[in-house]
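Dear colleague,

I am passing on the structure that we spoke about, and below it you will find my notes on what was found. Please read them with the coordinates open beside you.

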Amino acid sequence: MLSNVKEAVLQRLESVASLKSIRESIVHEVVDTPGTYAEQYNVGAGTPFALSHGFNQLSLTRPGAESSNHPNVLFVGASSRPGNGVPLVLVGAKLVAEKAMKKLGEVATVEKDRQD
């Protein structure tokens with residue numbers, strides 16, 4: 001089945017003019033499964049969405065972007081708010097980038113004040 005899926009994907013990609021020779025560009029291939037995610041990334045049941053989808057890990061109950069133990073550590077991705085899925089992870093990345101820029105600005109202001 002896997003080889004059939006791979007062949008179908010390659011045929012679809014080759015239908016795009018700029019990807020006609022995509023097969024020649026493949027130098028390495030990795031197949032991930034729920035089992036490999038569980039083994040490599042220590043995620044429950046191999047879910048690629050990181051934390052579970054139980055009621056204790058939905059929406060606002062996911063960990064926030066800021067570490068409670070380390071003031072300069074920020075989290076982004078499927079395991080933190082706003083949550084999993086590409087759109088939500090991208091929203092989270094934007095929010096974390098804004099927080100990081102604000103934190104860096106605060107650090108720069110403090111260091112400038114120390115120099116004065």
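Helices (H or I, at least four residues) and strands (E, at least two) are taken here as DSSP runs and numbered from the N terminus. The model is a predicted one, in which local features need pLDDT of at least 70 and side-chain atom pairs count only at pLDDT 80 or more, while totals for chains, interfaces and linings use all residues. Residues are numbered from 1 along each chain as its sequence is written, and side-chain values use heavy atoms, with hydrogens and water left out.

On confidence, pLDDT being the predictor's confidence in each residue on a scale from 0 to 100, the mean for the protein is 79, and 77% of its residues reach 70 or more. Confidence is lowest in H3, with a mean of 73, and highest in helix H2 (residues 22–25), where the figure is 92.

As to the overall architecture, the protein has 4 helices and 0 strands, so that the order of elements from the N terminus reads α-α-α-α. Its accessible surface (Shrake-Rupley method with a 1.4 Å probe; for residues, only the protein chains shown count as cover) comes to about 9,100 Å², and carbon and sulfur atoms hold 60% of that area. Of the 116 residues, 16% are buried, where buried means under 20% relative accessible area, exposed over 50%, and partly exposed in between (1.4 Å probe, protein chains only). Counting contacts as heavy atoms within 4.5 Å, those between residues 24 or more positions apart account for 20% of the contacts with a separation of 6 or more.

The structure holds 6 salt bridges, each defined as a side-chain nitrogen of Lys or Arg within 4 Å of a carboxyl oxygen of Asp or Glu. Glu14 counts as buried because its relative accessible area is 18%, whereas Arg23, at 33%, is partly exposed. If residues up to four places away in sequence are not counted, Glu14 touches Leu19, Lys20, Ile22 and Arg23.

Lys99 is itself partly exposed, at 32%. Glu66 also forms a salt bridge with Lys103, where the closest N and O atoms are 3.8 Å apart. Because Glu66 lies in the loop between H3 and H4 and Lys103 in helix H4, this pair ties together parts that are 37 residues apart in sequence. Lys103 is partly exposed as well, with a relative accessible area of 22%. Elsewhere, salt bridges that share partners join Glu7, Glu14 and Arg23 into one network.

Which residues around Ser67 does its side chain reach? Ser67 sits in the loop between helix H3 (34–41) and helix H4 (86–115), and it counts as buried because its relative accessible area is 16%. The polar contacts considered are pairs of N or O atoms within 3.5 Å, of which, within protein, one must be able to donate a hydrogen and the other to accept it, and residues adjacent in sequence count only if both atoms are side-chain atoms. The side chain of Ser67 reaches the backbone nitrogen of His70 at 3.0 Å, and a polar atom of that side chain lies 3.1 Å from the backbone nitrogen of Asn69. Leaving aside neighbours within four places in sequence, Ser67 is in contact with Val73 and Phe75.

Ala78 is another residue in the loop between H3 and H4, and it counts as buried because its relative accessibility is 17%. The C-alpha atoms of Ala78 and Leu88, which are 10 residues apart along the chain, are separated by 8.0 Å.

With kind regards
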